[in-house]
Amino acid sequence: MIALLLLLTSRAAAAPGEYFAIKVIDEQTGRGVPLVELKTTSGIAHVTDSNGLIAFLEPGLMETDVFFSISSHGYDFPKDGFGSRGVRLKPTAGGEATVKIKRLNIAERLYRVTGGGIYRNTVLLGRTPPTSRPVINGLVLGQDSVLTCAYRGRMWWFWGDTNQPAYPLGNFHMSGATADLPDKGGLDPSVGVDLTYFVGKNGFSRDMFPAKEEGPIWADAMMVLPDEKGRDRMFCHFVRVRGLEARLEQGLGIFNDEKNIFERFQKIDTNAEVVPKGHPLRVKENGVDYFYFPPPYPCIRVKADLASVKNLASYETFTCLKPGAQFDKSNPELDRDANGKLIYGWKKNTGLVSLADQVNLEKSGALKESESWWQCRDIETNKRVLTHGGSVYWNDFRKKYIMIFVQWLGTSLVGEVWYSESDKPEGPWLAARKIVTHDNYSFYNPTHHPFFDQDGGRTIYFEGTYTTLFTDNKNPTPRYEYNQIMYRLDLSDPRLKLQK
């Protein structure tokens, strides 16, 4: 027995036939579920990969009954008579067991997009993964907050801070990759995203917005516009920061097509708030093309031409302040008509009233709750849902603008994902329904990918950053921590009804 144990532990990897395969599937769809933890009574934990698979090979626990407790965010497994949620299996070399779990989330978890070991167990079991780099891609182990842009016939993907195997500190000047669109040879979005990273000489995801000055650079609001010569170019907004708050620099960037990097294009005052942000939405309003920017509601817009994007005086805010006023919490200059009715509208050179500002105005009595524009409420409880990061896009199936957003101060700080819809991008957004939940885990900056929409917009895809950041959770999920996870949502699901 000791000789066998030494043999098993000394080899780099076992043969596929030596593993016991456990597949966890969604009882509703029959699809493998990623991010499901199975744990033995001795605390040995395994987490399903993006195919819902576990490759189990534990000396001493083969050919004997083993109880595995089962847990997963937004999924359920029934309790037995003693209150334990799990299943008893007998692991055998080359054997397989299938476990069905019940999905509580309205949205369906599909796969992890970034990080190491995405299809680790699939590979260990000798099965074929859907992506070309299934266990490590660009030496990326973790990536923050995805942004995408259709450019030059491909999808471009960008992320913030990126972790690597070689050292605790990684790339803090944006990472990037490209992927083929599904109708141009790319994978079906229900299967995966086959990313090709821009890497340095060491193979690690390289800087996409290089800078010599101190501080990380975070870019967002990727926009494709004709430049002064009429050529389509990719532009972005960027900030260089110290910590999470202090801005050291702000501006517009332009993509250098020869070097495949962003470069500084135009400086912006670091204190300016009415700037491109988040995930731009292109809208034609009264015959004019605009970019709308959702921080998280689309309450900033500018004409979709380079001259306007460069000129901050061209930007409009959807606000209740008097035209030309800037927000001052001690003396808010609210725009009211002769009858005292609050006037909301698109106004140039006028400050924002954020959701937090609105709530504070309500508390001070300067604004009645019934007057507030940001009134998104849980359709079930009628409680206000405080929005944080998210995206807004038009949906052909619902014939509405739809918003996928994360809740601020939900059951987890920024881990609850909601769905809402409106006739106009600026709203009003009145009702919302929770579609994904996390137990003391963050899932911030989710974004819908409209270029993946299927069935005339009935099926949509969105992803977000899964991390213990902003929680007191001391047990990050191995391999999944600080990475992007893709979900699918069927907009015909009767649970998405937003009227009572």
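These legends walk through several close-up views of one predicted model. Residues are numbered from 1 along each chain as its sequence is written, and side-chain values use heavy atoms, with hydrogens and water left out. Because this is a predicted model, local features need pLDDT of at least 70 and side-chain atom pairs count only at pLDDT 80 or more, while totals for chains, interfaces and linings use all residues.

**View 1. Confidence along the chain.** Let us start with pLDDT, the predictor's confidence in each residue, from 0 to 100. The chain has a mean pLDDT of 94, and 97% of its residues reach 70 or more. Residues 1-10 have pLDDT under 50, and the model gives them 3 contacts beyond four places in sequence; a contact means heavy atoms within 4.5 Å. Where pLDDT is low, the predicted coordinates should not be read in detail.

**View 2. The largest nonpolar core.** A nonpolar core is a set of buried Ala, Val, Leu, Ile, Met, Phe, Trp, Tyr and Cys residues joined through side-chain atoms within 4.5 Å. Buried means under 20% relative accessible area, exposed means over 50%, and partly exposed lies in between (1.4 Å probe, protein chains only). The largest core holds 40 residues, and those touching the most other members are Leu281, Phe291, Phe293, Val309, Tyr315 and Phe405. Strand E21 (residues 288-293) supplies the largest share of this core, with 4 residues. Strands (E, at least two residues) and helices (H or I, at least four) are DSSP runs, numbered from the N terminus. Zoom in on Val309: beyond its neighbours within four places in sequence, Val309 contacts Met223, Leu225, Leu252, Phe291, Val302, Lys303 and Tyr315. A second, separate core has 24 residues, among them Ile404, Val417, Ile460 and Leu491.

**View 3. An open sheet with antiparallel pairing.** Four strands make up this open sheet, in the order E16-E17-E18-E19. Two strands pair if DSSP finds at least two bridges between them. At the edges are strand E16 (217-226) and strand E19 (261-268), each with a single partner strand, so one side of each has no neighbour in the sheet. From one strand to the next, the twist averages 30°, an angle between N-to-C directions on a scale from 0 to 180 degrees, with axes that are lines fitted to C-alpha atoms (for helices, over the stretch in contact). Strand E17 (residues 232-242) and strand E18 (residues 246-256) run antiparallel and are joined by 8 bridges. Look for Arg240, which stands opposite Glu249 in E18.

**View 4. An open sheet with mixed pairing.** Here 5 strands follow the order E25-E29-E28-E27-E26. Strand E25 (377-378) and strand E26 (387-395) are the edge strands, each pairing on one side only. E25 pairs with strand E29 (residues 431-436) in the parallel sense over 2 bridges, and Asp378 has Ala432 in E29 as its bridge partner.

**View 5. Ser412 in a loop.** Ser412 sits in the loop between strand E27 (400-407) and strand E28 (417-422). Its relative accessibility is 4%, so Ser412 counts as buried. A polar atom of the Ser412 side chain lies 3.3 Å from the backbone nitrogen of Gly415. Not counting residues up to four places away in sequence, Ser412 touches His438, Asn440 and Tyr441.

**View 6. Strand E30, strand E31 and Thr467.** Strand E30 (residues 442-448) has 6 of its 7 residues buried, so E30 is largely enclosed by the rest of the structure. E30 pairs with strand E31 (residues 459-467) in the antiparallel sense over 5 bridges, and the bridge partner of Tyr444 in E31 is Thr465. Thr467 also has its place in E31; at 0% relative accessibility, Thr467 counts as buried. The side chains of Thr467 and Glu481 make a polar contact (2.8 Å). A polar contact is a pair of N or O atoms within 3.5 Å; within protein, one must be able to donate a hydrogen and the other to accept it, and residues adjacent in sequence count only if both atoms are side-chain atoms. Leaving aside neighbours within four places in sequence, Thr467 contacts Tyr441, Ser442, Tyr444, Glu481 and Tyr482.
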